[in-house]
Amino acid sequence: MPPPWKNPGTIVITGASSGIGAALARAYACPGRRLCLLGRNARRLEATAAACRENGAEVVTDQVDIRNAADTRDRLQGWDTIAPLDLVIANAGVSSGVLPDGTPEDWQTARMTLSVNLDGTLNTVEPAVDLMRKRGRGQIAVIGSLAAWRGLASCPAYSASKAAIEIYAQGLRGMLAPEGIAVNVVSPGYVHSPMSARVDGPKPMLLNADRAARLIRKGLSRNAASIAFPLPLAIGTRLLTLMPSGLAERILASFAFTVRTGS
Ligand SMILES: NC(=O)c1ccc[n+]([C@@H]2O[C@H](COP(=O)([O-])OP(=O)(O)OC[C@H]3O[C@@H](n4cnc5c(N)ncnc54)[C@H](OP(=O)(O)O)[C@@H]3O)[C@@H](O)[C@H]2O)c1
């Protein structure tokens, strides 16, 4: 049997109602593939499902808030009993940061960001691991961000949430490889989506979501430990972590941004 990352038959994607998640669903949609799509907005989720069905995929959808661990687990378990999950992509997330009037993010918003991006990701990954462990086979991808590689003054909680899931997934990769389960971290730069549309400021090397989805799909099919793009921005961000903090902060000041609130 080929490894699970070669041609996953059944794929779960969280946050499939918008942006990168919707583009990933479309990128994977083809005859013979079953897509299990999660989101909250039924209308947008159904629009993604319709596009995927047009491409020949079998599609099921459900509305779940990933902050609810029991609901998320129930959904994944239910789908797994119908067709074993080969690939689970924990993509759903929210952004927050300095508001357009310069007000720093409030603590409540910071906690909400951590709750969706960190707890919500764990709520997705944990049941996936439990299910895949039983058959010693599967792949789990976590959508992080280049903003995880260096704490950004424009979005401290977002940076922290993405750093936490990146490090967690790196550890899981080593822990689960002997059990036949692959774990991958995806670290995008700026990708055109409703989330990035709420960001005001420089967005160097902004990619469209379909291109980002193709890069993610390619990396996952190779079981790459880290899928970071665009490469020049990834290299630049990595270099920032090697510089004295004062210099890195001066450089980052010219890339500062604000984040408008929205759903
Ligand atoms: N766009 C970028 O520049 C960029 C860069 C780096 C990383 N990322 C990461 O890529 C992922 C996708 O971002 P995007 O740009 O595609 O954003 P987006 O267009 O705002 O989509 C976010 C998705 O997450 C879902 N979601 C949010 N909160 C949820 C919750 N509590 N429960 C269930 N689903 C929830 C949304 O569902 P509903 O709309 O149905 O509520 C939506 O489908 C995120 O993890 C983001 O942090 C994005």
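Predicted model: local features only at pLDDT ≥ 70, side-chain atom pairs only at ≥ 80, totals over all residues.
User: Why is Gly56 called exposed?

Analyst: Gly56 has 11 other C-beta atoms within 10 Å. The cut-off for exposed is 12 or fewer. Gly56 therefore counts as exposed.

User: Where does Gly56 lie?

Analyst: Gly56 sits in the loop between helix H2 (42–54) and strand S3 (58–63).

User: Which residues does Gly56 touch, leaving out those up to four places away in sequence?

Analyst: Ala29, Cys30 and Pro31. Contact needs C-beta atoms within 7 Å. There is also a C-alpha to C-alpha value for Gly56 and Arg33: 8.1 Å in space, at 23 residues apart in sequence.

User: How do you know whether the radius of gyration of the protein chain agrees with a compact globule?

Analyst: Set the two values side by side. A compact globule of 263 residues would have a radius of gyration near 18 Å. The protein chain has 18 Å, so the value agrees with that rule. The C-alpha trace spans about 50 × 40 × 30 Å along its principal axes.

User: What share of the protein chain is buried, and what makes a residue count?

Analyst: A residue needs 20 or more other C-beta atoms within 10 Å of its own. Buried residues make up 44% of the 263 residues.

User: What share of the contacts with a separation of 6 or more comes from residues 24 or more positions apart?

Analyst: In the protein chain, such residues account for 71% of those contacts. The secondary structure comes to nine helices and nine strands.

User: How do helix H3 and H4 cross?

Analyst: The axes of helix H3 (residues 69–82) and H4 come within 9 Å and cross at roughly 35°. The crossing is right-handed. On the H3 side, the contact is made by Ala69, Thr72, Arg73, Leu76, Gln77 and Asp80. H4 supplies Asn123, Thr124, Pro127, Ala128 and Leu131.

User: What makes up that contact by class?

Analyst: Five nonpolar, four polar and two charged residues. Arg and Asp count as charged, and H3 brings Arg73 and Asp80 to the contact.

User: Which residues come nearest to the ligand?

Analyst: Of the 29 residues around the ligand, Gly15, Gly19, Gly93, Ser193 and Met195 come nearest. Helix H1 (19–28), helix H4 (107–135) and helix H6 (194–197) each give two or more residues to the shell.

User: How does the shell divide by class?

Analyst: The shell around the ligand has 11 nonpolar, 14 polar and four charged residues. Gly is counted among the polar ones, so Gly15, Gly19 and Gly93 fall in that class.

Key
Residues numbered from 1 in each chain as written. Near = placed C-beta within 6 Å. Helix = DSSP H or I, 4+ residues; strand = E, 2+ residues; numbered from the N terminus. Contact = placed C-beta atoms within 7 Å. Rg over C-alpha atoms; globule rule 2.2 N^0.38 Å. Axes fitted to C-alpha atoms, helices over the stretch in contact; angles between N-to-C directions. Left-handed = near helix turned anticlockwise from the far one by under 90°.
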